[in-house]
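Please read this report with the model open beside you, and look up each residue as it is named.

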Amino acid sequence: MKAYKVNFQQKGDVNGHLVVAESGKEIPFEVKRIFYIYDTKKDVVRGKHANLNSEFVIINISGSSKIMVSDGVDKEIFCLDKPHEAVYIPKMLWKEMYDFSENSILLVLSNELYDPDEYLRDYDDYCKIIKGE
Ligand code: TYD
């Protein structure tokens, strides 16, 4: 399963915009958790983990940031700079978020409640698990 870009429909008019994201429609799972990342200093790299069970939809609702996603072999970089665009990240992909603009607010939706035990935070361990070692 690969990560992919999600384009939300922009509703609204000249007076302003609104984006709707519903479970089972734009979001390919039942949302159990949301969190957001903001005030991230420049040059900071966040994430640096893979998840055994959690899937994510990540939206840069303000400002911009980049997300690097890897399966241990190939890498893909997503640039997020529009509140109506997102990236879907399935479980067991390595991810790193970086290049945050000063006003960046990164909204994250997930299918799982927080469980620190399902986070793989060591890249070498992650690669071993992926290769079945
Ligand atoms: P962390 O996963 O290290 O953040 P990032 O991947 O953005 O660098 O989490 C930072 C802190 O927040 C850490 O103490 C764990 C806590 N946390 C929760 O309590 N619940 C959550 O859902 C998340 C994502 C983090």
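## Around Ile 89

Leaving aside residues up to four places away in sequence, Ile 89 touches Ala 3, Glu 55, Phe 56, Ile 58, Ile 67, Val 69 and Lys 95, where contact means heavy atoms within 4.5 Å. This is a predicted model, in which local features need pLDDT of at least 70 and side-chain atom pairs count only at pLDDT 80 or more, while totals for chains, interfaces and linings use all residues. Residues are numbered from 1 along each chain as its sequence is written, and side-chain values use heavy atoms, with hydrogens and water left out.

The largest nonpolar core has 23 residues, and Ile 89 is one of those with the most contacts inside it, a group that also includes Ala 3, Ile 58 and Ile 67. A nonpolar core here is a set of buried Ala, Val, Leu, Ile, Met, Phe, Trp, Tyr and Cys residues joined through side-chain atoms within 4.5 Å; buried means under 20% relative accessible area, exposed over 50%, and partly exposed in between, with a 1.4 Å probe and protein chains only. Among the elements that give two or more residues to this core are β6 (56–62), β9 (85–89) and α1 (123–131), and β7 gives the most, with 3 residues. Helices (H or I, at least four residues) and strands (E, at least two) are DSSP runs, numbered from the N terminus. Another core, of 10 residues, lies apart from this one, and Phe 8, Phe 29, Val 57 and Ile 59 are among its members.

## Strands and their partners

Strands of a sheet pair through backbone hydrogen bonds, either parallel or antiparallel. In this report, two strands pair if DSSP finds at least two bridges between them. An open sheet is formed by 5 strands in the order β8-β7-β10-β5-β12, with antiparallel pairing, and its edge strands, β8 and β12, each pair on one side only. Within this sheet, β7 and β10 are joined by 5 bridges, and Ile 67 has Met 97 in β10 as its bridge partner.

Strand β6 is mostly covered, since 5 of its 7 residues are buried. It pairs with β9 in the antiparallel sense over 4 bridges, with Val 57 standing opposite Tyr 88, and 6 bridges join β6 to β11, also antiparallel, with Ile 58 opposite Val 108.

## The surface

What joins β2 to β3? A hairpin does, through 2 residues, and Val 14 is found in the loop between these strands. Val 14 is exposed, with a relative accessible area of 85%.

By the rule that a side-chain nitrogen of Lys or Arg lies within 4 Å of a carboxyl oxygen of Asp or Glu, the count comes to 5 salt bridges. The table lists some of them.

| Salt bridge | N to O distance |
|---|---|
| Glu 76 and Lys 2 | 3.9 Å |
| Lys 25 and Glu 22 | 3.1 Å |
| Lys 66 and Asp 99 | 2.5 Å |

Lys 66 lies in strand β7 and Asp 99 in the loop between β10 and β11, so this pair ties together parts that are 33 residues apart in sequence. Both partners are partly exposed, Lys 66 with a relative accessible area of 25% and Asp 99 with 36%.
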